[in-house]
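Colleague: I am new to this one and would like to learn how to read its backbone and overall shape. Could we go through it feature by feature?

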Amino acid sequence: IRQTWAVGKDRVALAARINQADYYCYSDDPGLNVLLDRPAVIYPMLPQQMIAAGRLPPGILTDPLMRHDFDCVVLSGLSWEYRGLEIPPPGFVELVESEYPREETFGAYRVRLP
């Protein structure tokens, strides 16, 4: 709910912009992800849960960033924790900022570009 109040008013417009550009996009906001034509993930907590359970390799989150697989990365600026797992995970935002150095703001969102 907190996320919807903070960024919800900008979701539809940002999704339309990303979809118009035909971007493959990673976002930490599941509400935005369901509006995207080409989301990298729908629910960003799921890969972390699968890593913690040993079902996915740890690099599944960081390797695509270092390969610049995404056209953009959208950060909501909000974080949360569920059963000891942090979203975004520790070091993730710093890696995004390093690998996607250009930033545009769209309401409360930070859109990171290579």
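Colleague: In which loop is the place of H68?

Modeller: This is a predicted model. In it, H68 sits in the loop between helix 4 (59-66) and strand 2 (72-75).

Colleague: What is the value of phi at H68?

Modeller: Most residues other than glycine have a negative phi. H68 is not glycine, and its phi is positive, near 60°. R83 is another non-glycine residue with a positive phi, near 50°. R83 belongs to the loop between strand 3 (80-82) and strand 4.

Colleague: Why does H68 count as partly exposed?

Modeller: Partly exposed covers the range between the buried limit, under 20%, and the exposed one, over 50%. H68 has 38% relative accessibility, so it counts as partly exposed. R83 has a relative accessible area of 74% and is therefore exposed.

Colleague: Which peptide bond is cis?

Modeller: Most peptide bonds are trans. The bond from I87 to P88 is cis, with omega near -10°. P88 lies in the loop between strand 4 (85-87) and helix 5 (92-99).

Colleague: How many helices and strands does the protein chain have?

Modeller: The protein chain has five helices and six strands. Their order along the sequence is α-β-α-α-α-β-β-β-α-β-β.

Colleague: Why does the radius of gyration of the protein chain agree with a compact globule?

Modeller: A compact globule of 114 residues would have a radius of gyration near 13 Å, and the protein chain has 13 Å, so the two agree. Of the 114 residues, 39% are buried.

Note on methods. Residues numbered from 1 in each chain as written. Predicted model: local features only at pLDDT ≥ 70, side-chain atom pairs only at ≥ 80, totals over all residues. Heavy atoms only, no water. Helix = DSSP H or I, 4+ residues; strand = E, 2+ residues; numbered from the N terminus. Rg over C-alpha atoms; globule rule 2.2 N^0.38 Å. Buried < 20%, exposed > 50% of the residue type's maximum accessible area, 1.4 Å probe, protein only.
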